[in-house]
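Keep the sequence at hand as you read.

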Amino acid sequence: MPSDVHVLLVDDEDSVRNNLQIYLEDEGFLVTTAASGEEALDVLGQQLFGVAIVDMRLPGISGNDFIRRAVPRAEQLHFIIHTGSLEYQLPEDLQSLGLSPADVLHKPIGDLGELTRRLLALRPALSR
């Protein structure tokens, strides 16, 4: 079990956040949740995470802005974008930070195993 992977899950929808947290914990991941980008930034100052799963449409700062602000605070952090917008385009500045279209998952994820596989694929980079 990948209990050494600590995930920050950022989503303002209670049901999405709670269901993903339960699923990921059942898969053996350590999960901390935040309902907004601002809350997630506060949590980043208190704990070390390997991966952040980030919704794009958040109250307050957007998911894109959260990522922009999080990188200087937690350079080791990897990001998976979790969005309900089929029109979402990964901004160039986020691509320059190392994100790629493979890091974008669309809601609802039909096969949650896809999320697990993506997290496990990041695992070697997390152990550096």
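Helix α1 has five names to look for on its buried face: V16, R17, L20, Y23 and L24 are its buried residues. Buried here means under 20% relative accessible area, while exposed means over 50% and partly exposed lies in between, with a 1.4 Å probe and protein chains only. These residues cover an arc of only 140 degrees around the axis, so they sit on the same side of α1. The arc is that of the directions from the helix axis to the C-beta atoms. Why can such a face form? An α-helix has 3.6 residues a turn, so residues three or four places apart point the same way.

The model is predicted: local features need pLDDT of at least 70, side-chain atom pairs count only at pLDDT 80 or more, and totals for chains, interfaces and linings use all residues. Residues are numbered from 1 along each chain as its sequence is written, and side-chain values use heavy atoms, with hydrogens and water left out.

Now check the length of α1. Its 13 residues, 14–26, should span 18 Å at 1.5 Å a residue, and its end C-alpha atoms are 18 Å apart, which agrees. The expected span is 1.5 Å times one less than the number of residues. After α1 comes G28, with a positive phi near 100 degrees.

Step back to the whole chain. The protein chain has five helices and five strands. Helices (H or I, at least four residues) and strands (E, at least two) are DSSP runs, numbered from the N terminus. Along the sequence the pattern reads β-α-β-α-β-α-β-α-β-α. The radius of gyration is 13 Å, close to the 14 Å that the globule rule gives for 128 residues, so the chain is as compact as a globular protein of that length. That radius is taken over C-alpha atoms, and the rule is 2.2 Å times the number of residues to the power 0.38. The C-alpha atoms fill a box of roughly 35 × 30 × 25 Å, taken along the principal axes. Of the 128 residues, 48% count as buried. Among contacts with a separation of 6 or more, 66% come from residues 24 or more positions apart. Contact means heavy atoms within 4.5 Å.

Turn next to α3. Its buried residues are G63, N64, F66, I67 and A70. They cover an arc of only 150 degrees around the axis, which puts them on the same side of α3. What do they pack against? The buried residues of α3 pack against β1 (6–10), α2 (37–44), β3, β4 and α4 (92–96).

The structure holds one aromatic pair. Rings of Phe, Tyr and Trp (its six-membered ring) pair if their centres lie within 6.5 Å; planes under 30 degrees apart count as stacked, over 60 as edge-to-face and the rest as tilted. F66 lies in α3 (residues 63–73) and F79 in β4 (residues 78–83), so the pair ties together parts 13 residues apart in sequence. F66 counts as buried at 0% relative accessibility. F79 counts as buried at 5%.

Strand β3 (residues 51–54) holds V51. V51 is buried, with a relative accessible area of 0%.

Last, find P108 in the loop between β5 (104–106) and α5 (112–126). A cis peptide bond joins K107 and P108, with omega about -15 degrees.
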